[in-house]
Amino acid sequence: MKYLILIGDGMGDYPLAELDGRTPLEAAATPAMDRLCRRGDLFLTATVPSALPPGSDVANLSLMGYDPLRYYTGRAPLEAASMGVRLAADQTAFRCNLVNLDFRADGITKMIDFTAGHISTDEAAELINSLQVRCGGDTPFNFHAGVSYRHLLTVQGDLPPMETVPPHDYIDQDITPFRTTYLQHSRWKTLLLEAEDVLAGHPVNRARKDAGRLPASSIWPWGEGKMPAMPGFNERFGLTGSMISAVDLLKGIGILAGLDSIDVPGATGYLDTNYRGKADAALTALEEQDFVFVHLEAPDESGHQGSISNKITAIEDFDEKIVGYITSHLQDQGLDYRMVVTMDHFTPISLRTHSRDPVPTLLYDSRETSQGSNLPFSEIAAASLEGVELLAHGHHLINRLLQKPCS
């Protein structure tokens, strides 16, 4: 038996007037997910405990079978694990976005784009290297280059405690109060102002502006925490497996769980990602292993953008190029498999950030022993089921997939 979890990050949404009262998932053409859902089980899963924020970090820990209330210490340590950054006991990791801010003459600062115009990984690496030369090294701060706008900042020793916020929660909004929080502390103020000085005159940013693209005008540290200790997936379930994702957060969860982290060339975390490469990597992994977790980021990015058309495209690509492609090949190989298809959280177009709604979840067994839901896969279909089951503890979903008792 092979086991798969396929995640369309942020795929869930609310009905939209622009789509005649449908959600993007309902409006999208999703024949593969609909077929599996009609023949499998459909239910709701609460991936985010009420005491924690509805982020991909918390939600994907749940989907991997780790209770976030027990194992969650922050987003950045998970990304550090993916990047091979070992945190000492006196070090704290921060996720560090390259962002585009509008410093207005009236003193207000707005968050224009939390991705700095989806800056390329090569451009970002030049910027992060320059920031490390100017602002790191002999200071408490060190920068570590990641993918596109997503990077890591490690801090040595104690710094004044403060509340940080995810930049994607404040797109096109006044973030002056949050920026002021950093500027109140001398070491953070020095770092922020020096970083903005480096970025303002950098050749990469000058070239981006000349080409009509957004420059990276500042950094945004958030998601801080210490490294968690998690039991291995094989230790818990006696299975081998792989994690396939373009983003360091998911890779880090996989590494801490003891899964193989597969790097797929051309995996970007956006609409232009290498779908075929990720699907083929999953199929290759299953030739030798028992379990694979495949994560696609593009629906979430489209939700943050507030782009209905992009979100529909991302969902349709996920359905055709991941769900459909993988299931077709597993069927051709005559393999028995159990598969979960779901999302970690909603990223509604109307909010442009995450929500904690329970997510529709389909569980399909290739032996088709279930009577089936006879419904297409969508948020509304799941909610319409009479007496629909709510899996209240998201980290128990893995037990249902593997047919293991909950511990």
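This is a predicted model: local features need pLDDT of at least 70, side-chain atom pairs count only at pLDDT 80 or more; totals for chains, interfaces and linings use all residues.

Residues are numbered from 1 along each chain as its sequence is written, and side-chain values use heavy atoms, with hydrogens and water left out.

The structure holds 17 salt bridges (a side-chain nitrogen of Lys or Arg within 4 Å of a carboxyl oxygen of Asp or Glu), including the following.

| Salt bridge | N to O distance |
|---|---|
| Glu79 and Arg95 | 2.8 Å |
| Arg134 and Asp197 | 3.2 Å |
| Arg150 and Glu301 | 3.2 Å |

Arg150 in strand S6 (residues 150-156) and Glu301 in helix H13 (residues 298-305) tie together parts that are 151 residues apart in sequence, where helices (H or I, at least four residues) and strands (E, at least two) are DSSP runs numbered from the N terminus. Arg150 is buried at 5% relative accessible area, and Glu301 is buried at 1%; buried means under 20%, exposed over 50%, and partly exposed in between (1.4 Å probe, protein chains only). Salt bridges that share partners also join Arg75, Glu79 and Arg95 into one network.

Gln289 sits in the loop between helix H12 (275-288) and strand S11 (291-296) and, at 11% relative accessibility, counts as buried. Its side chain makes a polar contact with the side chain of Asp260 at 2.7 Å, such a contact being a pair of N or O atoms within 3.5 Å; within protein, one must be able to donate a hydrogen and the other to accept it, and residues adjacent in sequence count only if both atoms are side-chain atoms.
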